[in-house]
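The following questions and answers concern the predicted model shown below.

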Amino acid sequence: MKSKIQSAVFTALIFAGSILYANSQDANTILKNMDDVMYAPKDMTGKHTITLIDKNGKQEIRKANIKQKGTDKRIIRFTSPASQAGISVLSLPDDVMYLYLPAFGKERRISASVKNQNFAGTDFSYDDMESIPYSDKYTPKLIKSEGNVFVLELTPKGRSDYSRIIVNVNKTNYYPELMEYYDRGNKKIKVAEYTFKKSGNYWNAAEIEMTNLKKNHKTKMQMSDVKYDTGLTDDEFTVRKLKL
Amino acid sequence: MEKLTQGIVKLKWVIIVIVTGLTFFFGYQIKHLTINSDILSTLPDDDPTAILYKNIGAQYGGNEIGMIVLETDNVFKTSVLQHIKQITDSLRITAGVSTVTSLTNILDIRSSEWGIEIGKLVDEYDLPDEKSELDSLKEYVFSKDMYKGAIVSEDGTATVILFTLLTDADKQAAAEEIKAKVEVLDLPEIIYFGGLPFMLSDITDLILSDMIWLIPVVFVIIAFILLFSFRSVRGMLLPLLTAGITVVWTLGIMAISGYEITIITNFMPVILLALGSAYTIHVLNSINLNTLKDRKQALIKAMAYTMIPVFLASVTTAIGFVSFVFGAYLTMIKDFGICTSIGIIIALLLSVFFVPALISALSIYGKKVETEKPEKKEILSDIILHPLTKILFKYPKRILTVWGILLLLSIAGIFFIKTSVNITEYFKKDNPTRISEDVMQKKFGGSLPVFVEFEGDIQEPEVLKMMIKTENFMKEDPNIYSAQSVADLVEQMNDAMGEGIKIPDEKAKIEQLWFLLDGQDIMPQLVSDELDKGIIQSKFASIETDDINSFTNKMDKFSKENSNEICKIKFTGIPPTYVKLNDSLVKSQYSSLIIAIIMVLLIVGIIMRSFSQGVYATIPIIATVLVLLGFMGFTGISLDIATVLVGSIALGIGIDYSIHVISGFNTHLKENGNAEKAIEETIMTTGKAVIINVTSVAAGFLVLLFAQILPIQNFGLLIAISMFGSGFGALTLLPVMLILANKRNRITMK
């Protein structure tokens with residue numbers, strides 16, 4: 001009898017322990033799954049439409065072609081408005097970036113040493129634009145699971161302007177639906193809403209709407225004409241290619 | 001008049017109940033009163049400089065710069081940088097703060113042979129900690145105009161954290177929170193808080209603490225003088241009671257009608273205490289001097305005698321205050337004029353209705369009057385008034401000559417009057433805020449914001465070139481240490497692209513450089529969203545009126561000459577606002593004085609039914625105002641937002657003494673038909689009330705000498721001086737004129 005109770009307690013302990021373990025494991029797995037969904041393709045080409053919406057609702061539209069290989073090589077070439085057409089940004093591993101300004105006919109290496117600055121007038125910081133997997137940068141914690149989403153709290157492992165990010169991850173397909181960014185004063189400063197669509201084998205962030213709550217400014221980034229795994233080579237991501 | 005008093009006596013209880021009820025009602029309203037120390041918020045809405053200044057505040061993330069200075073032996077130490085970062089981080093997340101700029105977060109554009117580095121001057125996550133890193137940071141900071149003297153003092157011993165506040169923020173609350181947050185950090189460096197947000201919050205504190213202890217002191221001093229003069233508790237309590245009720249009603253009315261307590265209105269209670277008691281003093285004096293046995297009849301007769309002069313006295317005083325409505329630049333001075341006039345009228349109504357009602361209701365007619373008299377004669381009448389009368393009759397011409405010389409001297413003094421509108425100068429020299437401002441001025445080119453706005457396509461080369469030209473022009477002035485605009489950033493970006501520190505000639509290049517600037521935190525502080533406007537931000541170091549004037553004139557001229565269709569240039573900021581304020585001080589001084597003199601002349605003339613008496617009554621007070629202005633000129637007390645009020649107030653209050661003297665003279669002339677005797681009697685009777693009145697009002701205002709804000713100190717001193725001056729004028733100059741006029745048989749009984 002006694003041993004039965006003992007074993008029951010023992011089992012219960014193991015069970016409870018495994019739940020706790022499962023929980024932390026779950027948070028990591030969920031985030032890992034999310035990273036896998038977001039960074040699955042080997043390479044990608046597509047068209048970006050970036051819409052900036054200011055506090056008065058005034059819109060400004062920019063268009064760009066984008067090519068990406070893996071998570072650390074990317075080239076963005078702006079096509080409109082006319083004044084910015086031809087401006088290209090090449091991002092390479094280890095924060096190496098090159099900028100080409102056609103009016104000057106020259107490229108320059110740029111170093112945005114501080115990544116909390118906004119990228120080219122959008123509400124995305126250089127940090128937000130990076131394709132580094134979330135699980136490398138953040139420690140997740142599962143806060144709750146409700147409806148169709150897991151709610152994760154991400155705490156930065158290293159330097160960051162954010163104190164935490166709250167992410168809603170889709171339970172079935174593991175793509176993020178919503179991210180809420182908190183500053184170091186623990187005030188919500190930005191919200192990103194994601195719309196993912198299936199494109200071939202991959203889930204594609206067809207639209208990301210980033211709202212800066214402090215400035216009441218919005219950036220909508222829409223993706224179209226997406227092609228995956230077309231076999232882009234490293235050759236596509238060289239300084240020489242910037243001028244084209 | 002007698003009928004009116006009879007009516008008052010009849011309805012005494014009704015009056016008392018109404019007054020009591022209203023006092024409770026208004027007293028309850030006072031808790032809704034708010035304090036607004038923001039002098040700049042009271043800039044007029046129809047002045048281009050003020051409008052532009054306010055717009056810049058709304059459009060470019062705040063026009064009020066707050067500064068926190070850290071002083072130590074050497075700024076370039078890891079610990080100091082760490083502290084700067086701590087303050088910067090805590091400001092960033094403070095409610096109401098729009099932007100923060102410091103050594104640890106300032107934008108830096110570096111060009112090198114291999115490219116451009118756009119980033120921060122210091123990496124806030126990895127502060128330099130090696131000596132070599134710190135040395136190279138120091139060298140770099142001192143090599144760039146953008147930082148040297150702007151963010152780190154030229155001697156490297158101090159650094160500043162600049163912040164702006166959102167226009168709709170509770171600025172005072174934000175300033176206080178920031179101060180508290182920084183003080184909690186308990187940093188080893190010496191810390192100074194400067195700039196308008198802190199100054200205004202300090203002024204508010206000073207206003208409050210002044211009000212809390214000055215008003216009771218004024219109350220006690222006036223009570224003491226009254227007790228000493230009237231030698232009766234009734235004589236002390238009644239004037240104080242009416243004055244107190246006046247203050248309560250006025251503050252209550254202000255609360256209801258949405259007026260705020262400002263740096264000026266904060267001493268209105270002192271004025272009302274001093275003046276509100278004055279009318280009751282005359283009413284009481286008149287009752288005391290009436291020798292009728294039937295005290296009720298005595299009251300009625302006395303009221304009839306004193307009603308007109310009291311009415312005249314209060315109306316003229318109110319006019320003195322109303323005159324600000326027409327002359328003042330700042331709305332807060334207009335508000336002050338309106339509110340105080342209302343208070344004066346309340347004091348009048350109370351002394352005419354409430355005082356007799358209370359006296360008859362409580363049967364406190366002052367029967368002890370007979371026994372009081374001989375005692376008082378010894379002091380006032382025997383020692384002062386009687387000898388005075390003798391001298392007046394003996395040497396009328398000499399007295400007139402002495403006055404003449406005094407006036408000539410004073411007129412000369414007027415030319416030496418200085419003006420001062422700088423808020424810094426409102427603090428005493430040893431006040432921490434003043435000390436901070438001195439540090440800001442010495443190390444960082446002051447805290448007075450200067451803005452030049454350019455209207456035109458900001459990406460147009462010509463516009464940007466004009467901005468650079470303007471900045472260079474500004475920096476020629478020794479009081480401009482640094483200036484910043486988007487044009488500087490474009491120049492640096494162009495340099496980084498390898499084309500030199502200059503504005504590119506093609507718009508296309510500028511548009512593409514913009515690609516990198518877009519989204520930088522600093523951009524909204526420098527250009528409008530539509531890119532149709534941009535500003536140069538700078539600070540002016542001097543607080544000297546002459547420096548401010550010459551700089552403003554230069555800038556106005558420059559803006560006018562260089563504006564064209566492509567680019568319109570407008571100049572604003574605190575210096576030009578101060579110039580406007582300054583001009584308006586002088587203008588409003590003269591216009592309100594002239595308005596007051598004319599109105600007083602008219603009203604006195606009409607009520608007395610004699611233009612010449614109007615002139616007689618006005619001359620002593622005009623003389624007093626001249627003496628006052630001369631005094632300001634010779635002593636160096638400058639015309640500021642508080643002392644500018646003195647002239648008209650002195651005129652309004654001081655005229656009372658002349659009115660009392662003239663109306664006393666009329667009454668006595670009617671009684672005995674002998675002008676000389678009438679003059680003598682007037683001085684012996686009315687003279688007493690005048691002296692009591694002068695002493696109590698002056699003493700009330702002299703209490704302001706203990707105020708913590710300088711203009712208010714000066715205000716108190718000047719009003720006290722003009723009270724003595726006008727009282728003295730009414731008792732010497734005016735009788736002498738009457739005596740001389742009488743000798744030429746100009747005065748006959750009507």
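Q: What is the handedness of the crossing in which α20(B) passes α21(B)?
A: In this predicted model, helix α20 (residues 574-608) of chain B packs against helix α21 (residues 611-635) of chain B at an angle of about 150°, and their axes are 7 Å apart. The crossing of α20(B) with α21(B) is right-handed.

Q: How many nonpolar residues does the contact of α20(B) with α21(B) have?
A: On the side of α20(B), the contact includes B:Leu593, B:Ile597, B:Val600 and B:Leu601. Among the residues supplied by α21(B) are B:Phe611, B:Val615, B:Ile622 and B:Val625. The contact has no charged residues and four polar ones, and its nonpolar residues number 11.

Q: Are α9(B) and α23(B) roughly parallel or roughly antiparallel to each other?
A: The axes of helix α9 (residues 268-289) of chain B and α23(B) come within 9 Å and cross at roughly 160°. Angles over 145 degrees count as roughly antiparallel. The two helices, α9(B) and α23(B), are therefore roughly antiparallel.

Q: How many charged residues are in the contact of α9(B) with α23(B)?
A: The crossing of these two helices, α9(B) and α23(B), is right-handed. Its contact residues include B:Leu273, B:Ile281 and B:His282 of α9(B), together with B:Lys688, B:Ile692 and B:Phe701 of α23(B). By class, 11 are nonpolar and seven are polar, while the number of charged residues is one.

Q: Which strand gives the most to the side of chain A that touches chain B?
A: Between the two chains, 26 residues of chain A are in contact with 24 residues of chain B. The side of chain A that touches chain B has nine nonpolar, nine polar and eight charged residues. Six residues of that side come from the strand that gives the most, β6 (residues 106-112) of chain A.

Q: Is the peptide bond from A:Ser80 to A:Pro81 cis or trans?
A: A:Pro81 is placed in the loop between β3 (73-80) and β4 (88-92) of chain A. For the peptide bond from A:Ser80 to A:Pro81, omega is near 0°, and the bond is cis.

Q: What is the phi of B:Leu531?
A: The loop between α18 (523-526) and β9 (533-540) of chain B holds B:Leu531. With 17 other C-beta atoms within 10 Å, B:Leu531 is partly exposed. B:Leu531 is a residue other than glycine, yet its phi is positive, near 60°.

Q: What separates the C-alpha atoms of B:Tyr125 and B:Val490?
A: B:Tyr125 is found in the loop between β4 (115-120) and α5 (131-143) of chain B. B:Tyr125 is partly exposed, with 14 other C-beta atoms within 10 Å. B:Tyr125 and B:Val490 are 365 residues apart along the chain, and their C-alpha atoms are separated by 27 Å.

Notes
Residues numbered from 1 in each chain as written. Chains lettered and ligands numbered in written order. Predicted model: local features only at pLDDT ≥ 70, side-chain atom pairs only at ≥ 80, totals over all residues. Axes fitted to C-alpha atoms, helices over the stretch in contact; angles between N-to-C directions. Helix = DSSP H or I, 4+ residues; strand = E, 2+ residues; numbered from the N terminus. Parallel < 35°, antiparallel > 145°, perpendicular 65-115°, else oblique. Left-handed = near helix turned anticlockwise from the far one by under 90°. Contact = placed C-beta atoms within 7 Å. Nonpolar A, V, L, I, M, F, W, Y, C, P; charged D, E, K, R; others polar. Buried ≥ 20, exposed ≤ 12 C-beta atoms within 10 Å, placed from the backbone.
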